[in-house]
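The stops below go through a few charged side chains in turn.

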Amino acid sequence: MLMEQTKKRYTFSTHEKPLPLFIESIGFNPQEEDFARPEGYPYYHWLQTIAGEGCFSFNGEEYILSPGKGIFLTPFTPHSYYTTGGKWSTLYVTFGGAAVNEILDSLEIHYSALYAETKEHCFSDLIIKMMNKVEENSEFSRLELSEDLYRFIMMLKKSGKAAKQPSISNYKMIKMTVDWLEKHYSDDIGLKDIAEYAGVSSQYLNSLFRETFHTSPYSFLIQLRIREAKRILLANPELSLKEVAHLVGFKDPSHFGATFKRIEKMTPKKYRKLFKV
């Protein structure tokens with residue numbers, strides 16, 4: 001099928017009674033285009049390279065996707081990607097489900113990460129087989145798709161990430177720290193405060209966050225602040241940029257503006273204007 005070099009995209013209704021796992025879309029792109037999603041995608045998202053090369057950015061880091069490498073993203077993770085040469089062919093699948101969060105949590109693969117397929121765990125083969133089944137039978141069973149999706153998730157678990165997975169105890173500590181940051185992102189806190197709450201050294205916490213999220217604890221905090229700033233900018237148009245900056249933990253409005261522009265590639269004012277309801 002892929003030898004035809006024809007763009008393929010199949011989408012499925014998500015309005016019916018949700019299955020524990022369901023595929024929202026699946027496809028093949030013989031020439032991937034440059035793309036930016038500052039708001040992320042509303043479903044879990046997998047994108048991998050099968051030919052050529054591309055650059056994928058999320059959580060403030062950039063990754064080169066050569067053949068066999070893929071990115072797994074959680075919903076609403078801001079990201080962008082672009083080709084680094086004349087050709088970049090990709091496969092992708094987006095999915096959700098009534099039990100998807102519980103399944104991924106139990107397998108400890110509930111966060112965005114870079115993966116590399118192996119001969120034993122070939123993501124592309126499974127995705128191509130799924131698309132072939134859809135083409136062969138327009139009445140393709142939603143249950144059968146769900147079954148294949150579960151195989152894909154288990155393949156992610158078995159293959160292991162390019163980065164080392166945290167132990168169960170470390171996972172609990174990281175989750176506890178992230179929950180705390182979600183509540184205290186607007187406070188005057190830094191790496192030292194975060195490490196003190198977690199009960200570990202700053203160096204150790206920094207190492208764990210980089211293994212888990214591919215970013216530092218402080219960069220993670222900044223991402224939370226900008227995420228909340230975007231929400232406030234649209235939900236409260238009467239607030240000044242200075243007030244928004246203060247609400248999300250920035251003492252200096254100019255620092256807020258510069259940080260927002262660095263991450264979102266536009267000023268807070270322009271963001272509010274472009275996305276206002």
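Start by selecting Arg231 and Glu228: the two sit three residues apart, about one turn of the helix, in α7 (residues 217-235). Helices here are DSSP runs of H or I with at least four residues, and strands are runs of E with at least two, numbered from the N terminus. This is a predicted model, in which local features need pLDDT of at least 70 and side-chain atom pairs count only at pLDDT 80 or more, while totals for chains, interfaces and linings use all residues. Residues are numbered from 1 along each chain as its sequence is written, and side-chain values use heavy atoms, with hydrogens and water left out.

Show the side chains of this pair. Arg231 and Glu228 form a salt bridge, with 2.4 Å between the closest N and O atoms. The term covers a side-chain nitrogen of Lys or Arg within 4 Å of a carboxyl oxygen of Asp or Glu. Side chains of opposite charge can pair when their charged atoms come close.

Are these two residues buried or exposed? Buried means under 20% relative accessible area, exposed over 50%, and partly exposed in between (1.4 Å probe, protein chains only). Glu228 has a relative accessible area of 11%, so it is buried. Arg231 is at 46% and therefore partly exposed.

Next, select Arg151 in helix α3 (residues 142-159), together with Glu147, four residues away, about one turn of the helix. A salt bridge joins their side chains at 2.9 Å, N to O.

Asp148 is buried because its relative accessible area is 3%. Arg151 counts as partly exposed at 40%, and Glu147 is partly exposed at 44%.

How many salt bridges does a search of the whole structure find? The search finds ten.

Finish at Lys265, in the loop between α9 (253-264) and α10 (268-275). Lys265 has 67% relative accessibility, so it counts as exposed. A polar atom of its side chain lies 3.2 Å from the backbone oxygen of Arg262. For a distance check, pick the C-alpha atoms of Lys265 and Leu234: they are separated by 17 Å, and the residues are 31 apart along the chain.

Technical notes
Polar contact = N/O pair within 3.5 Å; in protein donor to acceptor, adjacent residues only side chain to side chain.
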